[in-house]
Amino acid sequence: MVNAEFFDALEQLEKEKGIPVDYMLDRVGQALITAYKRDNDGMTDNVYVEPNREEKTIRMYVRKTVVRTEDLYEPYEEITLEEAADYKVNPQVGDIIDIDIPTKSFGRIAAQTAKQVIIQGIREAERGMVISEFESKEHEILNATVARIDPRSGSAYLDVVSGGEKSEAILAASEQVRGETLVEGQHVKVYLIEVRRGTRGVQVIVSRTHPGLVKRLFELEVPEIHSGVVEVKSIAREAGNRTKIAVTSHDENVDPIGACVGTRGARVSNITTELNGEKIDIIKWNEDMATFVSAALAPADVISASMQADGKSCRVIVPDDQLSLAIGKEGQNARLAAKLTGCKIDIAPQSQAQAEPEAEPVEEPQTEPQAE
């Protein structure tokens, strides 16, 4: 039915596009059956296509059951004894006969339909590979180029390259950093949030405001984080303004903050530049929550910090002249510290704390030991 060049073309397609030969053979089979259906009033239940990669052949046939002439009711599915004799020696009632279908007999419209099915199969395979490629990169950084800006919605449409294929990503206005102006042709790094499969195709949703972008940037700039020696424990970010990142070291000889800052601040400076001057506070994580909260309020100094009885809030005392610094402009520093630590923070100036009467220590209730 086909020659070896057809199979060679499919193998070349697999090499160039990554579309498996078996997938395309399946689509070819569907196309042939679709063409047969157009020429035979939609009768395809007993039509089969068998490709053979070793022999480089494709066989298409219709399977019919041998019946007596007077019992013939379904000509598409049955064949008389007399007709079966053309395909088998001494046929018997009930025999199954496979009759080859010459595809050259297909009409022009049927052949065109088959061609469209094959072309659609190639497109679907390419789209599927693009989806898989992007899905494997979810929560990673992509390098993108701004293609155009929608003047109505403010969304930016970016060109991203994956697997050698260019695709479009959407950077919604809500995922753009406030005050950052994107222009066509600009190269930017974005964080891949999600790949959506919709009726209009694939949507690659990216962000410039996600805290994950900062984490991935540190992984790119700091080898100790990439190797796992230094670990990022948590991140709190208000995009375009300030980020606090808590890090710890799994090697006592490696200073986690020093590793992130780099020589003369080179590493953190590169990240700040990529984020258009966004300030970054690098905090040393501590399993003792009071100590961690004290560090998280940097650059303010903390006199004392004590966890409250609920275990979810912390009372912090700071020098009077450090109160505004600890709280930050519009409460930003305290808000980010709370996000970073996951702890509610109550900040008080030293003069107020000294004027307050000392609270009586909270005694833990006594409980009877339970029998095992």
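Against which elements do the buried residues of α11 pack? They pack against β10 (230-238), β11 (242-249), β12 (279-284), α9, α10 (323-327) and β15. This report sets out the surroundings of that helix and some other parts of the structure.

The model is predicted: local features need pLDDT of at least 70, side-chain atom pairs count only at pLDDT 80 or more, and totals for chains, interfaces and linings use all residues. Residues are numbered from 1 along each chain as its sequence is written, and side-chain values use heavy atoms, with hydrogens and water left out.

**Overview**

The protein contains 12 helices and 15 strands. Helices (H or I, at least four residues) and strands (E, at least two) are DSSP runs, numbered from the N terminus. Of the 372 residues, 37% are buried, where buried means under 20% relative accessible area, exposed over 50% and partly exposed in between (1.4 Å probe, protein chains only). Among contacts with a separation of 6 or more, 57% are between residues 24 or more positions apart; a contact requires heavy atoms within 4.5 Å. The accessible surface comes to about 22400 Å², and 46% of it belongs to carbon and sulfur atoms. Such areas come from the Shrake-Rupley method with a 1.4 Å probe; for residues, only the protein chains shown count as cover.

Helix α11 (residues 332-341) is largely enclosed by the rest of the structure, because 7 of its 10 residues are buried. These are Q332, N333, A334, L336, A337, L340 and T341. G342 follows α11 and has a positive phi, near 70°.

Strand β15 belongs to an open sheet of 3 strands in the order β13-β14-β15, with mixed pairing. Two strands pair if DSSP finds at least two bridges between them. The edge strands, β13 (304-307) and β15 (344-349), each pair on one side only. Neighbouring strands of this sheet are turned by 20° against each other on average, direction ignored. Helix α9 (residues 289-296) packs on the sheet and touches β13, β14 and β15; its direction makes about 135° with that of β13. Axes are lines fitted to C-alpha atoms, for helices over the stretch in contact, and angles run from 0 to 180 degrees between N-to-C directions.

In α9, the buried residues are A290, F292, V293 and A296. They cover an arc of only 160° around the axis, so they lie on the same side of α9; the arc is that of the directions from the helix axis to the C-beta atoms.

| Strand pair | Bridges | Residues opposite each other |
| β2 (residues 57-67) and β4 (residues 96-100) | 5 bridges | K64 and I97 |

Strand β4 has a covered face, made of I97 and I99, and an uncovered one, made of I96, D98 and D100. In a regular strand the side chains alternate between the two faces of the sheet.

**Cysteines and E219**

The whole structure has 0 disulfides, a disulfide being a pair of cysteine sulfur atoms within 2.5 Å. The closest cysteine sulfur to that of C314 is in C343, 5.2 Å away, which is too far for a bond. C314 counts as buried at 1% relative accessibility, and C260 is buried with a relative accessible area of 0%.

E219 lies in helix α5 (residues 211-221). Leaving aside neighbours within four places in sequence, E219 is in contact with I225 and H226. E219 and V232 are 13 residues apart in sequence and 9.1 Å apart in space, C-alpha to C-alpha.
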